[in-house]
Amino acid sequence: MIAIKNNWTKQEILDIYNKPLMELLYEAATIHREYHDPNTVQVSTLLSIKTGGCPEDCGYCPQAARYHTDIEGNGLMSVRQVKAQALRAKASGSSRVCMGAAWRNVKDGPEFDQVLEMVRTINKLDMEVCCTLGMVTENQAKRLAEAGLYAYNHNLDTSEEYYKEVISTRGYEDRLETIQNVRKTNVTVCSGGIIGMGESIEDRAGMLVALSTLSPQPESVPINALVAVEGTPMEEEKPVEIWEMIRMVATTRIVMPQTQVRLSAGRTEMSREGQAMCFFAGANSIFAGDKLLTTPNPDVNQDMDMFRKLGLKAQKAFVKAPQPKTVEAEDSELVSIGEKPRWTRPGHKIERNELAKEKSKLASRGRV
Ligand code: SAM
Ligand code: DTB
Ligand code: SF4
């Protein structure tokens with residue numbers, strides 16, 4: 001095995017991304033086999049525990065309150081509901097549950113306590129628990145770790161330069177700081193991004209520089225293809241070609257050999273042959289279940305049929321890192337410490353976000 005390289009440059013990554021496809025595939029598949037069982041794929045189920053009404057302006061996201069989309073918003077789910085969904089996910093072959101909340105950042109209080117209880121409950125079902133709740137402080141990351149969290153998802157989404165064209169309500173440095181806060185615990189880091197938002201190939205390479213130069217590199221990297229949802233600023237973005245997805249997956253595999261590369265949003269638009277090429281190129285994780293957070297995903301039976309045809313097995317829980325211990329709420333030594341984090345709010349104007357917001361205002365007045 002080659003030592004992990006932590007100083008990738010944008011040019012080196014571009015040179016990999018732009019290789020003739022057969023060479024790129026061969027190189028990625030070779031590295032993939034050195035570090036992973038090529039016939040095993042992790043299956044993770046997403047659960048939107050708090051949907052819609054988010055104060056952020058992420059241009060891709062149907063859950064941002066300021067855009068007019070069709071999604072149905074919901075308050076925080078109960079621990080009982082979450083347990084029932086986790087049991088269903090386990091029965092259908094998932095080893096991980098990823099709970100997503102449409103929050104800008106975690107706030108100490110009863111809702112966070114409820115999420116901590118969800119983490120304890122799922123860890124006790126012997127499944128890997130992941131959360132994606134927005135920005136977190138060091139103390140909040142420690143409390144999640146103590147409850148038994150296995151992974152925290154916090155995407156960089158794109159390059160630092162293009163991020164300014166996507167989101168105006170927070171800065172790239174906030175995302176990096178949250179990742180650092182998670183790194184101060186034993187919780188593994190899951191961080192990736194989206195392709196198909198109008199970014200250049202340089203931006204894709206820029207995102208991979210930001211991820212691959214983290215030390216250690218993230219344990220998982222989700223690669224999402226934009227799901228262009230009506231009402232969002234990105235509603236008119238053209239779907240990415242499968243070749244772009246394959247190149248992105250292969251490049252991610254080469255620059256982050258140990259990472260689990262997850263074929264994430266956008267699979268409903270991909271053929272099985274296309275997905276098979278992504279697995280060959282080094283993808284070894286998927287989101288399963290007929291829904292992502294708010295948008296459709298392939299049916300689990302269809303996925304299991306694809307696994308059978310390709311001879312793929314579902315990865316067992318805790319094969320990459322040991323199961324964390326859960327400390328019960330009453331035994332916890334960690335409490336809210338009244339932090340007042342200063343997450344940035346750049347607030348610059350992004351034209352397509354402003355247009356989508358205006359359209360949404362007109363729609364709510366019944367004029368569109
Ligand atoms: N609110 C938290 C945050 O932003 O970190 C967690 C939930 S957020 C929905 C998690 C990730 O979903 C985003 O970082 C983004 O990468 C992905 N995502 C959201 N909408 C998407 C879309 N329309 N297409 C593809 N990926 C999307
Ligand atoms: C990630 O990278 N992709 C997932 C998960 N992490 C949280 C979310 C995809 C969301 C796609 C749009 C939706 O369903 O709302
Ligand atoms: Fe909110 Fe997360 Fe959606 Fe951004 S991506 S609008 S932070 S739910």
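**Close-up 1. T188 and its place in strand 5 of this predicted model.** Strand 5 covers residues 188-190, and T188 belongs to it. Is T188 buried or exposed? T188 is buried, because 22 other C-beta atoms lie within 10 Å and 20 or more is what it takes to count as buried. Leaving aside residues up to four places away in sequence, T188 touches Y150, A151, E219 and A321. Look for L149 too: it sits 39 residues from T188 along the chain, and 8.6 Å separates the two C-alpha atoms.

**Close-up 2. Helix 1 packing with helix 8.** Here you see residues 10-17 (helix 1) and residues 201-212 (helix 8), with their axes 9 Å apart and an angle of about 120° between them. The two helices are therefore oblique to each other. The crossing of helix 1 past helix 8 is right-handed. On the helix 1 side, the contact is made by K10, I13, L14 and Y17. Helix 8 brings I201, E202, R204, A205, G206, L208 and V209. Sorted by class, the residues of this contact are seven nonpolar, one polar and three charged.

**Close-up 3. The surroundings of ligand 1.** Which residues are closest to ligand 1? They are T132, N155, N224, V227 and A265, out of 18 residues that surround it. The shell has 10 nonpolar, seven polar and one charged residues.

**Close-up 4. The surroundings of ligand 3.** Around ligand 3 you'll find C54, C58 and C61, along with E56, Q63, A64, A102, R104 and G134. This shell divides into five nonpolar, two polar and two charged residues.

Key:
Residues are numbered from 1 along each chain as its sequence is written. Chains are lettered from A and ligands numbered from 1 in the order in which they are written. This is a predicted model: local features need pLDDT of at least 70, side-chain atom pairs count only at pLDDT 80 or more; totals for chains, interfaces and linings use all residues. Axes are lines fitted to C-alpha atoms, for helices over the stretch in contact, and angles run from 0 to 180 degrees between N-to-C directions. Helices (H or I, at least four residues) and strands (E, at least two) are DSSP runs, numbered from the N terminus. Angles under 35 degrees count as roughly parallel, over 145 as roughly antiparallel, 65 to 115 as roughly perpendicular and the rest as oblique. A crossing is left-handed if the near helix is turned anticlockwise from the far one by less than a right angle, and right-handed if clockwise. Two residues are in contact if their C-beta atoms, placed from the backbone, lie within 7 Å. Ala, Val, Leu, Ile, Met, Phe, Trp, Tyr, Cys and Pro count as nonpolar, Asp, Glu, Lys and Arg as charged, and the others, Gly among them, as polar. A residue is near a molecule or strand if its C-beta atom, placed from the backbone, lies within 6 Å of it. A residue is buried if 20 or more other C-beta atoms lie within 10 Å of its own, exposed if 12 or fewer, and partly exposed in between; C-beta atoms are placed from the backbone.
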